[in-house]
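Dear colleague,

Please find below the structure that I am handing over to you. My notes on what was found in it follow directly after.

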Amino acid sequence: MVKKCIVSPVLISLSLAFFVLSSVEVDAEVPPVFILGDSTADIGTNTHLPQSPARADVPFNGIDYPHSRPTGSPPSFLYLQNQSSRLKRHATRGINFASGGSGILDKTGQLPKIVSLSEQIQQFAMVQSNLTVVLGAAETEKLLSRALFFISIGSNDIFGYFFTNSTIPKQEFINTLAFAYGIHLKVTLAIYHISLSNGKMLFFIARLPFAHLFMESRLFLLPQTLYNLGARKFGIISVPPIGCCPSQRVKNTTTNGCLEGMNDFARTFYSTIHVLLRNLSSQYPGMKYSLGNAYEMTINVIEHPQEANFTEVSMACCGAGTLNGEAGCTPKANLCNNRHEFLFWDLFHPTQAAAKIAAFTLYNGDKRFVTPINFKQLAEDC
């Protein structure tokens with residue numbers, strides 16, 4: 001019987017990015033899922049970084065979980081890294097590397113103890129290496145070519161731009177983000193040198209596959225990239241209208257409306273990343289992608305809350321001050337009772353109800369919300 005890549009999504013915590021894929025047919029091949037990104041996808045990484053301030057393992061986070069506690073489950077890479085048997089087992093199913101506070105740029109979120117996107121990719125490189133030892137190179141390549149790589153990141157970079165009052169022109173800054181994103185995704189490059197007879201040195205850049213020709217002359221590698229490590233199928237989630245978060249609305253003291261300057265950056269980020277992914281997929285064999293338009297999905301809910309059964313799309317469910325947007329969710333914060341009717345859980349993040357809508361829109365949505373194919377089509381494309 002011909003095997004099919006058939007999957008169904010299950011929402012985990014507050015993540016917009018994270019699906020656990022389970023088989024719906026006995027003969028179905030279930031692809032592994034690897035998650036990278038920021039707090040929209042972090043399900044426990046920062047919990048294992050004791051000095052990190054970007055953690056969610058305190059009440060009221062997790063209030064609807066068993067015993068009203070955040071579970072930090074399923075395990076993250078940092079939980080698994082010292083447990084070799086579990087790491088090997090989960091490596092064939094998928095692992096979460098996402099870390100709250102991280103950004104596309106390494107300089108973003110330089111808080112004590114977060115895991116940058118570059119570091120997350122290096123962690124995946126360790127997983128890929130372990131898989132190669134256990135399965136062999138050919139089987140590892142086959143496994144990873146079916147795997148889904150979900151990435152949800154970029155908001156913290158734009159927040160950082162505004163918080164530091166940067167004067168870099170908008171498009172220049174967004175182009176910088178897109179360039180860095182591309183470096184994280186595509187083939188690794190190395191910088192080489194050759195000594196000339198006149199004593200001068202010739203420097204050049206080449207793709208990693210040619211490294212064996214110039215091993216003695218290689219200076220250093222540019223960062224490991226997901227494509228070079230075997231990733232082929234990418235589910236990318238863009239930046240939502242972050243200017244509409246409660247923490248930003250409170251800065252609009254006149255109307256408590258959205259900060260349109262931030263939203264403009266989010267829209268430009270989406271269009272720029274869209275072009276980047278289209279170009280990369282045409283240049284690199286086997287690369288496939290699905291781009292989720294988090295901006296459009298969220299704005300649609302804000303403008304038509306009744307369709308999502310929401311009654312509150314401006315105020316945070318958990319927090320303090322105006323719109324509950326002036327302080328984070330702590331045991332002393334205000335807490336709403338009708339959480340399922342709120343778009344925002346805290347200063348920045350969606351409620352479980354909102355994340356569930358986003359997850360299923362990414363999975364089944366049309367091209368208004370996810371393009372050129374949705375996450376379901378990406379998973380089924382063998």
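Rings of Phe, Tyr and Trp (its six-membered ring) count as a pair if their centres lie within 6.5 Å; planes under 30 degrees apart are called stacked, over 60 edge-to-face, and the rest tilted. This is a predicted model, in which local features need pLDDT of at least 70 and side-chain atom pairs count only at pLDDT 80 or more, while totals for chains, interfaces and linings use all residues. Residues are numbered from 1 along each chain as its sequence is written, and side-chain values use heavy atoms, with hydrogens and water left out.

Aromatic rings

The structure contains 17 aromatic pairs. In one of them, the ring centres of phenylalanine 150 and phenylalanine 375 are 4.9 Å apart and the planes lie at 10 degrees, so this pair is stacked. Phenylalanine 150 belongs to strand S2 (residues 148-152) and phenylalanine 375 to helix H11, so the pair ties together parts that are 225 residues apart in sequence. Helices (H or I, at least four residues) and strands (E, at least two) are DSSP runs, numbered from the N terminus. Phenylalanine 150 is buried, with a relative accessible area of 1%, and phenylalanine 375 is buried with 2%; buried means under 20% relative accessible area, exposed over 50%, and partly exposed in between (1.4 Å probe, protein chains only).

One aromatic cluster is formed by Phe34, Phe77, Phe97, Phe124, Phe149 and Phe234.

The nonpolar core

A nonpolar core is a set of buried Ala, Val, Leu, Ile, Met, Phe, Trp, Tyr and Cys residues joined through side-chain atoms within 4.5 Å. The largest one has 69 residues, of which Val127, Phe149, Tyr181, Leu226 and Phe234 touch the most other members. Helix H8 (residues 260-283) supplies the largest share of this core, 9 residues. In soluble globular proteins, nonpolar side chains tend to be buried together.

Asparagine 374

Asparagine 374 is found in the loop between strand S12 (370-371) and helix H11 (375-380). Is this residue buried or exposed? With 8% relative accessibility, asparagine 374 counts as buried. Its side chain reaches the backbone nitrogen of lysine 376 at 3.2 Å, and a polar atom of that side chain lies 2.8 Å from the backbone nitrogen of glutamine 377. Neighbours within four places in sequence aside, asparagine 374 is in contact (heavy atoms within 4.5 Å) with Ser290, Leu362, Tyr363, Asn364 and Gly365.

Yours sincerely

Notes: A polar contact is a pair of N or O atoms within 3.5 Å; within protein, one must be able to donate a hydrogen and the other to accept it, and residues adjacent in sequence count only if both atoms are side-chain atoms.
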